[in-house]
Amino acid sequence: MSLDVNMAEIAQLFIEESLEGLDIMESGLLNLDLGAADPETMNAIFRAAHSIKGGGATFGFMEISEFAHHVETLLDEMRQGERPVTREGVDLLLQSVDCIREMIGCLASGEVDTARAKELESQLEAMLKQNPGSAAEGGSAAAPAPEQPDPAESGRAEEIGLGWTIRFRPGRGIFRSCNDPLRMFRALESLGELEVRVVGADDLDFEDLDPEECRLGWDLELRTSSDREAVEEVFAWVADECELDIDPIPGPAGDVPAAVENDASPETEEPAAAPQSEAAPARVEARAPAARSAPKPGASGQETGSIRVNIDKVDALINLVGELVITQSMLSRYNGDFDFTQIQGLREGLTQLSRNTRELQESVMAIRMLPISFAFSRFPRLVRDTGNALGKNVELRLVGENTELDKTVLEKIGDPLVHLVRNSLDHGLETPEERLAAGKPETGVLELNAYHEGGNIVIEVIDDGAGINKEKVLAKARERGLVGPDEQLSDDRINNLIFMAGFSTADEVSDLSGRGVGMDVVRRNIADLGGHVSVKSESGVGSTFTIRLPLTLAILDGQLVRVGKESYIVSLVSIVETIQVCADKVNQIAGESELFKLRDEYLPIVRLHELFGIEADSTRIDDGLLVVVEANGQRVGVFVDDLQEQQQVVIKSLEANYRQMQGISGATILGDGTVALILDVPGLIQLYFDRHGNPQHSAVAVA
Amino acid sequence: MQSVLAVDDSASIRSLVSYVLEQAGYDVVLAEDGQEALDYARDNTVDLVLTDINMPKLDGIGLIKGLRKLPHYRFVPLLVLTTESGTDKKMEGKAAGATGWIVKPFDPVQLVGTIQKVLS
């Protein structure tokens, strides 16, 4: 039987289902009101644990099942109202959820590490004992696999004699639960040789015979080597609605086994006809290794290459493809003999084609779009745990969870977001005491807000904490040589200093947001996604971190610029402004670096023609334009001949088609078929400084 | 072909049960919870019902009670397949009209054997 192969597939289903169940448990637990839990939520959490326990045992993952059993017991007490929902309880349950998740994760790779489970198990047990009267009692408190066949069974041979005489007088209603005595007799027959005598048949009066009632009794004699338990088990399900006497058949030599103690009301009340099913757990165990080794690695993780798409989106796509086909057939009419009377029709067809293309593009993009709730979903837990660890009361608000963005961007934005949130919790929000002293409500508010703006998605991390300490930041920046001793900076610039490499205001590295990773990494990660992060902060009121990201990595909103005969594309997000400067506003430094003054700042001029070694229309600053771009907190003016149109460009990898180039992030094909290179602004700035030296020194020298 | 209505809120248990029973030659109808099963049962008769206890919307006990009220289900065997092994719960199930009680974890081969016996 190919049962094992299919079992493996179904076991995989169990794993996926359990992970979903754990998510339900986690979000449910996080939403529980302490004290008075919502019964609906409580039931959902309980059921998830219950399914993991039951499925775990069925599919041979005994460690998981046993651990889930403890969790379930605790949940059951909470659900029944026997135990108040306490913070400690919820914390322990949340840890248990993590633990089960880990154990399930281990299934794919092989061995399950039960060390943590054991530890949590004893904590769970300790908690269960705290409330006397509620532990280990009640329906579901039994162990997940209590019906392990007793290996000592054979040791009870002294109980077994020739067999048993059975006096069976079922209650009248026995048929109503579909328990047919005949079936029980068949089951007995499988144990040995059975003799059946009907009792009471003579008293039956046809007149008042009710076919749905059982009016008969039976005396049975079973010659078997099976013990009393096996016989009792056959009747177990109906034991309470019948008279049942089981006595040993007296042996010829008088070696009658002593009357067996009747405490053995069987644990497995199997259907009356299924005495064999007590062997079930043993079989399941035997199959376990096959089922365990089967799950495909990685299949349980979240980083799978597949995507779940709403059927509406697919339908819309199919519909658009249909329209495209119509347009194509319409245009193909002009393929043969063409004369100018047809030009109107051709134009219409082309207009339609461009509309189809645009809609198709939007539609395909939409398929890769997922709601940001996928990235937000981890935060309730994270905020709670981190808040607990720091002794801060935090209320998390999620806004705009349905805002959609590209799957790749979504996957990569997770870590930077976590970092920002941790940072806000750690450095932004104050302790309850500090808050009260500052006249603020005890509970701090952390808000994650996502929305679309133009072709971008904006994600804000807002806290109502103490705000950035500007003096401290500036002092630190001066100490690290990031800012000149006399340099004056606007508040905004000071706030954004925290994103500079090698900057950290925490006096000692915190266990939480420290981790040796600074905000500059956050900024770099976001920049890698073509995005931008900035912060606004007001002392005592709070801080707002704003991440601005392109909706997709495949298409870029670009500005075409021209240098001589070449066209380049600059990502619109990185452009601050474009200006024309007079040559007399430009300072030469050390004969090489050129700086121009933009309001209060001196910015280096990056001459593309020089950097790339191409011919420009003119090298005179007055003749061209300066495109002020910003990356990594550094602004420069890129000198170009002219600005051309803005357009969305499809990014083609230069690395895949040619090789990696510093200062160039990719290429695209323009409408006229020519190739234009896309400028990698951070790389470009780096390239410039590599050739012209450190910007700060120059800036300070001029200032 | 004899038919079995299998009710469980866990998709993996549903697939396992349906796979095993289909292999054994039964026609399997699946339901995700008691309510769905009961709705199906109103207009359809099966030869046997196999149900979980803990389910959303309508639990196994509720389903058994509901089924026993349907004239065409008065004598259909109703088996319970559950992790619940407490006596109280079993008595509750029995009072509702359950025919038998199989405790998870279960062995697929044994499950088939049990069902075959009940349906013989």
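The structure is a predicted model. Its largest nonpolar core has 90 residues, and an open sheet of 5 strands lies in chain A.

**The sheet of chain A**

- The strands of this open sheet follow the order β20-β12-β13-β22-β21, and their pairing is mixed.
- Strands β20 (642-650) and β21 (664-669) of chain A each have a single partner strand and stand at the edges, so one side of each is left without a neighbour in the sheet.
- On average, neighbouring strands of this sheet are turned by 35° against each other, direction ignored.
- Within chain A, strand β12 (residues 555-563) and strand β13 (residues 566-571) run antiparallel and are joined by 6 bridges.
- R562(A) has S567(A), in β13(A), as its bridge partner.

**The largest nonpolar core**

- In soluble globular proteins, nonpolar side chains tend to be buried together.
- The residues with the most contacts inside the core of 90 residues are A49(A) and I100(A), together with V4(B), L5(B), V49(B) and L79(B).
- Helix α1 (residues 3-31) of chain A supplies the largest share of this core, with 9 residues.
- Domain 1 (3-141) and domain 2 (158-286) of chain A each contribute at least three residues to this core.
- When neighbours within four places in sequence are left aside, the contacts of I100(A) are L22(A), I52(A), I64(A), F67(A) and A68(A).

**A separate core**

- Another core, of 40 residues, lies apart from the largest one.
- Among the residues of this other core are L405(A), L448(A), A477(A) and F545(A).

Methods
Residues numbered from 1 in each chain as written. Chains lettered and ligands numbered in written order. Predicted model: local features only at pLDDT ≥ 70, side-chain atom pairs only at ≥ 80, totals over all residues. Pairing = 2+ DSSP bridges. Helix = DSSP H or I, 4+ residues; strand = E, 2+ residues; numbered from the N terminus. Axes fitted to C-alpha atoms, helices over the stretch in contact; angles between N-to-C directions. Core = buried A, V, L, I, M, F, W, Y, C linked by C-beta atoms within 7 Å. Buried ≥ 20, exposed ≤ 12 C-beta atoms within 10 Å, placed from the backbone. Domains from an automatic or database assignment. Contact = placed C-beta atoms within 7 Å.
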